[in-house]
Amino acid sequence: MNVERPFDTIEKPVRTSPAWHTISSADVEARLGTSDAGLTAKDAAARLVRDGLNELAPPPTPSMILLFLRQFNSPLIYLLIAAAVVSLGLGHRTDAGFIGVVLVVNALIGTFQEGKAAGSLAALRQMVGQTASVRRGGAISVVNARDIVVGDIVEVESGMAVPADIRLSKTSALRIDQSTFSGESMPVTKDAGVMVPERTPPAERTTMLLAGTMVEEGRGGGVVVATGADTALGAIDASLRGTKATPPPLVLRLDRLARQISIATIALIVPFALVLLMQGRPGDQILLLAVALAVSAIPEGLSIAVTVALAAGTRRMAARKVIVRSLPAVEGLGACTIIASDKTGTLTRNVLSVERVLLADGTVWNRADWPAHADALAAIRHAAALCNEAALGPDGIPVGDTVDVALLGFARDGGADLAALHAIIRVAALPYEPARKFSTVAVDEGEGVRVFAKGAPEVVRPMCRSIDPAAIAKAVAMAEDGYRIIAVAAADGSTTVDAKAPHDLVFLGWIGLIDPVRPEVPAAIARCAEAGIGVRMVTGDHPGTALTIARGLGLDVHADQVVTGTQMADLADQPAELSALVLAGRVFARIEPVQKLEIVRILAKSGELVAVTGDGVNDAPALQAAHIGVAMGMAGTDVARGAADLVLADDNFASIVAGVEEGRVTYANVRRIVIILLATGMAEIGMFLGAVALGLPMPLTAVQLLWLNLVTNGAQDVMLGFGRGEGDELRQPPRRPEEPILDSSAIALMIPPALMMTGLALYLVYGMHHDGRPLAEIQNAVLLMTVLFQNVYVLCMRSERRSVLREPPFSNPWLLLGVGVALTFQLIAMTWPTLGGVLGTSLVSTTTLWFCLAATASTVVVTEVTKQLVARWQRSAPRG
């Protein structure tokens, strides 16, 4: 039979026939011609050649060479390259070589920390089932999932991965695990016979199977209507490809700082060169001094120091179960102002649990009440354990349907012996079917056969004697609160009851199941609030369920702050109204993946720094678009982990709080590194400008400046990255998103010490020059004084607020080691003739040494006074 023609109009169903899921199963059969027919192997092969393989296209991956070359795309690097070229042109090969080493080291470090791997897209491709049962030409065969084409008839059963988007033509108790796709913690029942409205979101199409989901139980079959990139999974893949990864906050701030330094450097060099030209200096000397000024202004060691600080933060985070995939993201959590969190598996356990029981007399017991009321709950627990299809595994752990497993857990919590209950003889049983909506069991308890029933309340209630209307009203309210309600009844044993058509049962009550909140999460959310971070919950669950969970988390949420996917879809063409709706929302329910991405974008556009947590495929685009993406390491999918910046090794939302704290500590360390590097750079620039203005010789050579900025500073400043914070990071508000690294307080901490150092250095140059000392001796003395200044300044700046006298001496032992190494390097340079010949260094006189020590002590006093004044000003004008 020729079945090619009926499918000509549905080659690309996602693009050209989005309402394919709205046709009836009879229409599916009619289009197929017969349920036993299907494409022939020849037809399928022809389509495979024409349409390509059923897989997601791999993303382009940059080569290591390209990554290396990318590292030179920075204004600071451009200036250093220009300085190296000028030095080489003037014959100063040592200067050029020093600068070249700096450039290569920075580029190598950047190459290894560059970007994210394309693991998220690779994981998406791996989610498509490896093999599938396909009916072709009336016969079933197992084929590679890559070889499935539109028009194939596919059979699925329990345990299978769905290989493509399939319109069902038949189902038998078919239930699908869509948790990684839609965020729903409970399996979804599929029914080929229902009619679905045209605008139904993919996750709610009960007549469709979606590629990448798993068959929990039952069987089904249908026609493939989309493969590869045309599936709903492919739409997520396309969204992920089209989503530009948002740079972490630190990257944005450092880029801004680099531009500012570059502009300031050029603005200094031009007038500096003009002044020298007017003084009649030779052109080659002007160029060399301009290079020296550029080297002074550019913090060559900043990249290495920041990398070390981020690496130290990475290790601290790893110790607290937060794995970092991208170094700049280390401090990102500390900067975030909002955490948009997935519910299932992140805030909750992603398992069903009995959390509330409503007895027939209207008494409500929550989990916390159960130990004190074990006798009252005994009957309903007994019935739930007997009318149950879950089995006990070899280790005694219940396995099977999630509802039945939860009910056995409920019975076990009351002290029931599950093994003994399973040993009770079942005389008859009617298993649960979605169409029937209830199950029964008849058991021989020794005193006769007794029937138990459980199922949907609207089905079980008619089987029972009269029920208190007030209790029914409470059950309705419990369902509206988001609980999945199971009604339980039992025969009284005095009459014979047919297990297949029970009646005259005694109603025992309602059992409320829900995906429970992780016990540590409410405290973690409270700490987020203390730290000034808002939490938004995003889920694919029902609005009532979402609201109940949110309140259980401790979020202060009103019903009108619950935003649904339908509301967002209705405002899709009204961006202003949609933004207002999202910004006013606290909980987002029935949200599609593309809508989750839109939520993140709207929050970010409003000025928030957004961190997104999640574990499912549906979370991947939002994880990638967020400033900081946080995935679950244990329950999370490869897709989510691949798209995220951070991964929680223990799937514990509370670990995010630890990440926030470590992120803020890391940022404070990076900020102090920047302050120290730029303050010393300002002092060096001041020396050159002052020397030109006063007609003095240049205080340092270009090579000496590189020695200070890369070797001496590099040996100690990087050790600031190992600081462990001051203990109150979580009691501080988050930084304003627009706040630069160099804010007013940072500049205030830099200027007075830098000016003090500049003045003392110029005084030293003037005095030695007036005494007729050689230029090399003058520059050697200034170099030593600058090294000592850097040593004490970095020790003073271990804290921006606390005095150096109040700072514990060994609060950062690595920093003490770094200062010792820096001093050792300088001593070697002054005593080793080979290195001294390159740097122009030697031992200084006793008089010069005492002057350098006194000058250093005076800068300590200035630094400490400045810190106290700035701290007092900050206390009087706290940041909002």
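**Loops, helices and their contacts**

Me: Which residues does D191 touch, not counting residues up to four places away in sequence?
Reply: D191 is placed in the loop between strand 5 (188-189) and strand 6 (208-209), where strands are DSSP runs of E with at least two residues, helices are runs of H or I with at least four, and both are numbered from the N terminus. Taking contact as heavy atoms within 4.5 Å, and leaving out residues up to four places away in sequence, D191 touches T171, T206 and T207.

Me: How far apart are the C-alpha atoms of D191 and K170?
Reply: This is a predicted model with residues numbered from 1 along each chain as its sequence is written, in which local features need pLDDT of at least 70 and side-chain atom pairs count only at pLDDT 80 or more. Totals for chains, interfaces and linings use all residues, while side-chain values use heavy atoms, with hydrogens and water left out. D191 and K170 are 21 residues apart along the chain, and their C-alpha atoms are separated by 7.6 Å.

Me: What relative accessible area does L268 have?
Reply: L268 lies in helix 10 (residues 249-278), and, leaving aside neighbours within four places in sequence, L268 is in contact with L293, I685 and L689. With buried meaning under 20% relative accessible area, exposed over 50% and partly exposed in between (1.4 Å probe, protein chains only), L268 counts as partly exposed at 26%.

Me: At what angle do helix 23 and helix 24 pack?
Reply: Two packed helices are described by the angle between their axes and the distance between the axes. The axes here are lines fitted to C-alpha atoms over the stretch in contact, with angles running from 0 to 180 degrees between N-to-C directions. Helix 23 (residues 575-584) and helix 24 (residues 593-605) have axes 10 Å apart, and the two pack at an angle of about 90 degrees.

Me: Which residues of helix 24 meet helix 23?
Reply: Angles from 65 to 115 degrees count as roughly perpendicular (under 35 is roughly parallel, over 145 roughly antiparallel, the rest oblique), and helix 23 and helix 24 are therefore roughly perpendicular to each other. On the side of helix 23, the residues in this contact are L578, S579, V582 and L583. On the side of helix 24, they are E598, I599, I602 and L603.

Me: Why does the span of helix 30 agree with expectation?
Reply: Helix 30 (residues 775-796) has 22 residues, and the expected span of a helix is 1.5 Å times one less than its number of residues. This helix should therefore span 32 Å, and the distance between its end C-alpha atoms agrees, being 32 Å.

Me: How many of the residues of helix 30 are buried?
Reply: Helix 30 is among the elements that cover the buried residues of helix 33. Helix 30 is itself mostly covered, the number of buried residues being 17 of its 22.

Me: What covers the buried residues of helix 33?
Reply: Helix 33 (residues 846-876) has 31 residues and reaches 46 Å from its first C-alpha to its last, close to the 45 Å expected. Its buried residues include T848, C852, A855, T859 and V870. The cover over the buried residues includes helix 29 (744-770) and helix 30.

Me: What is the phi of K321, which is not a glycine?
Reply: K321 lies in the loop between helix 12 (302-319) and strand 8 (322-324), and K321 counts as partly exposed at 43% relative accessibility. Although K321 is not a glycine, its phi is positive, at about 75 degrees.

Me: Where does R590 lie?
Reply: R590 also has a positive phi, near 55 degrees, in a residue other than glycine. R590 is partly exposed, with a relative accessible area of 25%. Its place is in the loop between strand 21 (587-589) and helix 24.
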